[in-house]
Amino acid sequence: MREKVVEATVRALQRAETSLPDWVLQRIDEAAARESHPLARHHLQFMLENMRIAGKKCLPLCQDTGLPIFHVQMGRDLSLDFSLSEAIAEGVRIATREIPLRPNAVHPQTRKNSGDNTGPGMPDIILDYVDGRGLSLTAFPKGAGSENMSLVGMLNPADDPFDFIMKSVAERAANACPPLFLGIGLGGSFDLAARLAKRALLNMPGSSVEELLLLERINSLGIGPMGLGGDTTALGIKIEKAFCHTASLPVAINFQCWANRSATEVIQ
Amino acid sequence: MTEYHLQTPLSGEDVEKLVAGDVVFLSGPLFTARDKAHALIRRTGCPISLQGAALYHCGPLIKDERVLSAGPTTSGRMARYTDDILLLGVRAIIGKGGLPGEPFRGKAVYLAYPGGCGAAAAQQLKVLGVHLSELGMAESLWEFEAKNFGPMIVAVDAHGKDLYQEVRRSAQKPEMD
């Protein structure tokens, strides 16, 4: 079983780094057809061309192959006689050598690079328990360009969280490789809001009226692909909510670039 | 919007004619530098001449001297070094997300390469050499040979026009109902 987890980790990373989920490609394709700014349309078409090259030559689509983040759904009836995080870490080390991935993980102060994308806290594993005996593993490599623009706001309950989101996106979008996917965490505590925002990215795309209205508002900003103007500023929004303290209104925005990479492997 | 195919190193006249919104493809030597290389150049000077150079904010993925993926990184992190870099004679800074425009006036341009398009960029680049390799793969100063490297958009020109700034200002205006 341990070997299966290691192999599934390598396979999931390989797919996540060299291709995009079909629904993401479809959104870029649709946006390119709709886009009225010529320069913006060329950018969207070049992104699709980049994906054809990455797929054909089996190359990482972006040189920022990201930090190794995984979402694991584990059956309650499954018991493992090995460390899941150690097995995934081994998969990350193999993938770094073989795909290959750019070594990105460094000590936060000395900035020394481990050389294999692992280290204390890395890979980061988000674990959920589900019914049954199965195990599914989603690789969600996250680049720094979009992650660096992410933020948590501890708002006054009298503030409008959507105004905060609009203002933050207007200021920050250009650095996060738009058109964006935005994971929003609304409520909870300081850290729960951030966790909700990351989960929102994993549960993308949203389809509620609230999410679609926010998407429309953001696209009306005119920021466009790469922040150089256009109709397409965001391609998807998901909002996850939790109850919060009566005196608080935490709002977290986890930015994700147009290359919303992820791939899932299921182990029976 | 004019399309230019230029050869590096760039001259003052090359840069002078470019206007924000133009499309540029570059061929010839191209140098990468990001966070650590900039900090080291400020402390100890640059190991090579960057006169007329195009400096690419990029941390490439390279294996056995082959460029596998090499899109742009966010230039904003290097904004504190723009004056130092332009003093070395750099004529074009390439990246994504933009840089404050003032230091470029009368000297250089900022070119935006489509972010996230590392696989496409890799097809246009070959490794000529590497400097400051002690900084590791992503942070080294790589010397590439570029062939029709682009499309890049002139986002900041040498005449004070800054496309990012214009788009951001317009986005920050109150929404119209």
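Guide: Helices are DSSP runs of H or I with at least four residues, and strands are runs of E with at least two, both numbered from the N terminus. This is a predicted model, in which local features need pLDDT of at least 70 and side-chain atom pairs count only at pLDDT 80 or more, whereas totals for chains, interfaces and linings use all residues. Residues are numbered from 1 along each chain as its sequence is written, with chains lettered from A and ligands numbered from 1 in the order in which they are written.

Visitor: Is H2(A) roughly parallel or roughly antiparallel to H3(A)?

Guide: Angles between N-to-C directions run from 0 to 180 degrees, and axes are lines fitted to C-alpha atoms, for helices over the stretch in contact. Angles under 35 degrees count as roughly parallel, over 145 as roughly antiparallel, 65 to 115 as roughly perpendicular and the rest as oblique. In chain A, H2 (residues 22-34) and H3 (residues 38-57) pack at about 150°, with axes 9 Å apart. H2(A) therefore lies, relative to H3(A), roughly antiparallel.

Visitor: What is the span of chain B along its principal axes?

Guide: Chain B holds five helices and nine strands. Its C-alpha trace spans, along the principal axes, about 55 × 30 × 30 Å.
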